[in-house]
Amino acid sequence: MFKFTKSFMAVALVMASFATSAQNSVNRADLFGQDQSSQTSNDDSVGAPGASSTNLGIAPARRIVIANPPSDQAAAAANAARSLPNLDERGNLNGLNGRGNADRRGNGVVSQRVSVDQLGEKLPELSEFQKFIWDNTGQILPIFGSEFFANSPSTFAPIMNSPVPSDYPLGPGDELMIRGWGTIDIDYRATIDRNGTINIPTIGSVVLAGVRAGEAENVIRTAVAKLYKGVTISVNFGQLRAITVYVVGQANRPGTYTMSSLSTLVTALFASGGPNTKGSMRRVQVKRNGKVAAELDLYSFIAKGDKSADIKLLDGDTIYIPSANGFVALVGKVNTSAIYELKNGNETVESMLDYAGGLPVVADPRRAFLERIDPTKTRPRSVEEVSLNGNGLKHSLKNGDVLNVTSITPDFSNAVILRGNVDQPVRAPFKQGMRITDLIPNREYLISRNSIKRQNNAVTIGNDERDTTENANAIAARIGGLIDAVNWDYAVVERVNRTDLSVQLIPFNLGNVFANPNGPDNLSLQPGDTVTIFSQDDVAVPMDKRQVFVRIEGEVNVPGVYQMTAGDTLQTLIAKAGGPTSSAYMFGTAFYREEVRKEQQENLQRAADRLEAQMRSEESTQAANLRALSGTEAAAATAQLEAERKIAQERINRFRKLQPTGRIAFGLDPYDRSFAHLPQVTLKNGDRLVVPSKPAFVHVFGAVNVEASPLWKPNTRVSDYLKMAGTAVDADVDNVFVLRVDGTVVSSDSQGWFFGKIGGVEVMPGDSIVVPEKFDRQTAWTKFMQGAREWTQILANFGLGAAAVKTLRD
């Protein structure tokens, strides 16, 4: 019996050994070639309870790890995944590059190839109705909604790593990333095959076709739990399956599109560029299995955000874009001027304005004009007026209609306007019984903003060294000019008669308005009146009504700025200044006036233009003469001509920069000493009188050996000073002229033959003797400055002094 028992146990052990070997073979087959090295001895599903593998003489079990093999096949799969074109998990096409190639950063395949011309390198094609509107209004109106697809698909970036909706039905081609930990480790990527299943090593096949994405984790957890206990499962999704859809009809880019299974109708429309100029945006259809599965009105989506008709696409769906039923145009004062599509015959003015965003506040709802086309009539075009309220909004629209919404008339029904020389021009509400004093309560309202600005700019805050913003000359010149003088005698009310559209001017005395508020000059106003206040510069008033501020400087007892009255003269001014001092030099008295300075400046610029024109004419003549010269001579002459031209142009530029002084020459007798003999000149505002002291020098410059200022001596002549300075070789002695200290010019032409012409002229203190150069050298500059006559005319007419002559010469 003992022998039988011992033999039976030996046979049992042998059978157990065979069974273990068979089980290991089965496990290796289930791993599909995966690594088995991670099985451990603490796996509760292997071995009998309480039995030790060591005691049984079996090698320790290793922990089970389920993972994809790191093989060349996996690397090839990864490369293949990277090569897929650019559709994200939602089916959004990431965009085509300039040559129509798809970017490669997402899921899906785009089979449509688009050229550069199709993507906007050429101008968009206009529909016939767009051309018709262009011919009639001069505007290229867009088709409403077309700009939404203008840059498709590159406008819409892909949504990377977007979550998969929980109700998404899984199907063949969808990829799952399964992770698990606990008694076993799982890191496995599986793709649903055409049978709708995935195969997980050691777990087996799991059916997932038709399972919603939100339930996939529970299904896989249940399958794993059948073999292994205590395993936590997490399921994510990788690349989803692709579907093929067809875009036909009036699409910008019809064709076949391979897209993500999450793609919707709007997604596919963006990929295809949307409807073309003849296509409908109101009736886009999805056809599935021979039936219309959905119809989308893009206007509801674009204008109102309604996406309820946007369905998910299935493999094999056809997107059909039919032709539009008709178009109307909204122009004028609408929020979105464009061409709108008619969905059916029930479209009204109200529905179209709703898509256009309504009317702006400046639109006139009382008047709009509807232009209509009726091809059956002899004159197919007609126009009718409609109101944009009540029944007008229910007015039905037809194909080819043009609705022109007019603007409101920007007319104030209850306003009066104050403008001109006032503190603040205003548009004030009209009140019954309103008068001028209601617009202008007091005289301070007539201080203009410019007057206030001048007062504010008189002092610079925080400048310790200098407390004014003006130089010394400007301060004296601007005394009395802080406030614009008001024309108190004349103001006017402009009144529009709306019955005959005539304008009535009602003048009034502004001074009397404040002197006698109850008088007739305080006019009663009406709605729409415009009250204009003038300054004395706007409308020139008589001299006796103007404020006159005159400056006197130099050799008087009290120099300063004095306020004069009408009819005051130079003698009155000198008397107010306390009379001349004992050092006063009457012959050199200078009188300056601003309006004379402006006239001199204009004349100076005209003279500069004339001189420059003469120089250009001489250049043309000399250039023509160069053609007769030989090559070497012509080159030398050309270089010389260019040098002369530059010199002449530089001097003309200096000439343009000269600033006339506005001096008025009195032509006094040099030997007269009485200021009572000054001309009886009536003073104007801004006049300036300078009484100098007697100068001690005479100035000589020009073509002399030494430019100097020798002391003046009584009874000396021009020839005496020329001997002292010495004339140069090229000096034109016959054309010497004298700039008198009183602003006049004396030349040889004005002296005749007496006393040897200019040489015998007696020189007075302060005079300047100018010796010009000879004009034998016929240059472009010298030809239009022939002799002293032109010089003396310029100096006398423009009030230029010796300093200006020196500037010209240098």
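# Contacts and surface in a predicted model

Glu371 is partly exposed, with a relative accessible area of 23%. Here buried means under 20% relative accessible area, exposed means over 50%, and partly exposed is in between, with a 1.4 Å probe and protein chains only. The model is predicted: local features need pLDDT of at least 70, side-chain atom pairs count only at pLDDT 80 or more, and totals for chains, interfaces and linings use all residues. Residues are numbered from 1 along each chain as its sequence is written, and side-chain values use heavy atoms, with hydrogens and water left out.

## Salt bridges

Side chains of opposite charge can pair when their charged atoms come close. A salt bridge is counted when a side-chain nitrogen of Lys or Arg is within 4 Å of a carboxyl oxygen of Asp or Glu. By this rule, the whole structure has 29 salt bridges.

One of them joins Glu371 to Arg381, with the closest N and O atoms 2.8 Å apart. Glu371 is in strand E14 (residues 363–373) and Arg381 in strand E15 (residues 381–386), so the pair ties together parts that are ten residues apart in sequence. Helices (H or I, at least four residues) and strands (E, at least two) are DSSP runs, numbered from the N terminus.

Another salt bridge is formed by Glu494 and Arg419, whose closest N and O atoms are 2.6 Å apart. Glu494 belongs to strand E19 (residues 486–497) and Arg419 to strand E17; the two are 75 residues apart, and the pair links distant parts of the chain.

Arg616 also forms a salt bridge, here with Glu612, and the closest N and O atoms are 3.5 Å apart. Both residues are in helix H14 (residues 594–625), where being four residues apart separates them by about one helical turn.

The table gives the accessibility of several of these partners.

| Residue | Relative accessible area | Class |
|---|---|---|
| Arg381 | 37% | partly exposed |
| Glu494 | 24% | partly exposed |
| Arg419 | 39% | partly exposed |
| Arg616 | 34% | partly exposed |
| Glu612 | 19% | buried |

Salt bridges with shared partners also join Arg282, Asp297, Lys343 and Glu347 into one network.

## Aromatic rings

A pair of aromatic rings is described by the distance of the centres and the angle of the planes. Rings of Phe, Tyr and Trp (its six-membered ring) pair if their centres lie within 6.5 Å; planes under 30 degrees apart count as stacked, over 60 as edge-to-face and the rest as tilted. The structure contains 13 aromatic pairs.

In one of them, the ring centres of Tyr299 and Tyr340 are 6.4 Å apart and the planes stand at 90°, so the pair is edge-to-face. Tyr299 is in helix H7 (residues 298–304) and Tyr340 in strand E13 (residues 338–341), 41 residues apart, and this pair links distant parts of the chain. Both Tyr299 and Tyr340 are buried.

Tyr585 and Phe587 have ring centres 6.2 Å apart and planes at 70°, so this pair is edge-to-face. Tyr585 is buried at 5% relative accessible area, and Phe587 is buried at 2%. Ring pairs also link Phe144, Tyr299, Tyr340 and Tyr355 into a cluster.

## Charges over rings

A charge sits over a ring if NZ of Lys or CZ of Arg is within 6 Å of the ring centre and within 35 degrees of the ring normal. Lys287 lies over the face of Tyr320, 4.7 Å from the ring centre. Arg443 has its charged end over the ring of Trp488, 4.7 Å from the centre.
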